[in-house]
Structure formats: structure tokens, C-alpha cells
Amino acid sequence: MFFVALVIYLSLKRDPIDVGRFDEIKIGHFLAYAWLGLWFIQFYRSVRARLFVAIALSLLGVALEFAQGMTTYRSFAYSDMVDNAIGVLGGMALGFTPLGRVLEALEARWPRHG
């Protein structure tokens, strides 16, 4: 939940962080949602759950764009919604690589008590 809260905060704060663009994709949007996609895909193994997560994260991006549009200091952009969704898909795709097992590997090394 921390990472979701961080994305919400960064999306609605007064002075947005601009890390530039790659082609027409805003890098900040892509990376934030790619991280969320990669993070959450590690917790769910079923296709149904992963699809739900992808949809939920994409809808978060849509909702935050509408929230930005309701402020006087941020702007609404359909292209940002697309960048967010592309990020979710990119992060979830990385979940099918060895990066998708990072949390599992960390848990295996974590000392167990009890």
C-alpha cells in the first residue's frame, strides 16, 4: 500500500517531478506504474488476479488524472492515462522475467521465527 500511496501523493502534489519523455511517453508516469505492476504481480499467480490488478492499477491512473483536473495546479491529460496503462503492462511483463521473483527470493533469505 505504501507504493500506491506514494503514487497518489506524487500525482496530486503541487510541484510535479518532471523526469522527461521517451518518445511521447512521460517517463515518470511509465516508471511509477511499471513499478506498481511489477510489485503487485509478485503477490498474485492466477491470471484472473493479475488481470484484476492490471485493471485496478490502470483505473487508479484514470482516477488520478480526473483528480488532477479538479485541482487548480495540475492538469488533466488523456495521454497520461495511456502512459500509466503502458507502465502497468510493462511492469507486469517484467513480472514474467527473473525480476518477478525478487520478493520470493528475499523471503527465502529472511530469517524465520517461530
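Me: In this predicted model, is the crossing of helix 3 and helix 4 left-handed or right-handed?
Reply: Helix 3 and helix 4, the latter covering residues 78–94, pack with their axes 9 Å apart. The angle between them is about 155°. Their crossing is right-handed.

Me: Are helix 3 and helix 4 roughly parallel or roughly antiparallel?
Reply: The packing angle of helix 3 and helix 4 is about 155°. Angles over 145 degrees count as roughly antiparallel. Helix 3 and helix 4 are therefore roughly antiparallel.

Me: Which residues of helix 4 meet helix 3, and how many in the contact are charged?
Reply: Helix 4 brings D80, M81, N84, A85, V88 and M92. They meet R50, V53, A54, L57, S58, G61, V62, E65 and F66 in helix 3. By class, the contact of helix 3 with helix 4 has 9 nonpolar and 3 polar residues, and the number of charged ones is 3.

Me: How is helix 2 oriented to helix 3, roughly parallel or roughly antiparallel?
Reply: The axes of helix 2 and helix 3 come within 10 Å. They cross at roughly 150°. Angles over 145 degrees count as roughly antiparallel, so helix 2 is, relative to helix 3, roughly antiparallel.

Me: Which residues of helix 3 make the contact with helix 2?
Reply: Helix 2 passes helix 3 in a right-handed crossing. From helix 2, the contact is made by H29, Y33, L36, G37, F40 and I41. The residues of this contact divide into 8 nonpolar, 3 polar and 2 charged. On the side of helix 3 the contact is made by R50, V53, L57, L60, G61, L64 and E65.

Me: Is helix 1 roughly parallel or roughly antiparallel to helix 3?
Reply: Helix 1 and helix 3, which covers residues 47–69, have axes 10 Å apart and pack at an angle of about 30°. Angles under 35 degrees count as roughly parallel. Relative to helix 3, helix 1 is therefore roughly parallel.

Me: How many residues in the contact of helix 1 with helix 3 are nonpolar?
Reply: Helix 1 passes helix 3 in a right-handed crossing. The contact is made by V4, V7, I8, S11 and L12 of helix 1 with L60, L64, A67 and Q68 of helix 3. It has 2 polar and no charged residues, while the nonpolar ones number 7.

Me: Which helix gives the most to the lining of the largest pocket?
Reply: The largest pocket has a volume of about 630 Å³. Of the 23 residues that line it, the closest to its centre are L10, I17, G28, H29 and R74. Helix 1 (2–12) and helix 2 (27–41) each supply at least two lining residues. With 7 residues, the most comes from helix 2.

Me: How many charged residues does the lining of the largest pocket have?
Reply: By class, the lining of the largest pocket has 12 nonpolar residues. It also has 6 polar ones. The number of charged residues is 5.

Me: What pattern does the protein follow along the sequence?
Reply: The protein has 5 helices and 2 strands. Its C-alpha trace spans about 50 × 25 × 25 Å along the principal axes. Read along the sequence, the pattern is α-β-β-α-α-α-α.

Technical notes
Residues are numbered from 1 along each chain as its sequence is written. This is a predicted model: local features need pLDDT of at least 70, side-chain atom pairs count only at pLDDT 80 or more; totals for chains, interfaces and linings use all residues. Side-chain values use heavy atoms; hydrogens and water are left out. On a 1 Å grid over the protein atoms alone, a cavity is a set of points where a 1.4 Å probe fits but cannot get out, and a pocket is an open set with protein on both sides within 12 Å along at least five of seven lines; lining residues have an atom within 4 Å of a point. Grid points are joined across faces, edges and corners, and a volume is the space filled by probe spheres set on the points. Helices (H or I, at least four residues) and strands (E, at least two) are DSSP runs, numbered from the N terminus. Ala, Val, Leu, Ile, Met, Phe, Trp, Tyr, Cys and Pro count as nonpolar, Asp, Glu, Lys and Arg as charged, and the others, Gly among them, as polar. Axes are lines fitted to C-alpha atoms, for helices over the stretch in contact, and angles run from 0 to 180 degrees between N-to-C directions. Angles under 35 degrees count as roughly parallel, over 145 as roughly antiparallel, 65 to 115 as roughly perpendicular and the rest as oblique. A crossing is left-handed if the near helix is turned anticlockwise from the far one by less than a right angle, and right-handed if clockwise. Contact means heavy atoms within 4.5 Å.
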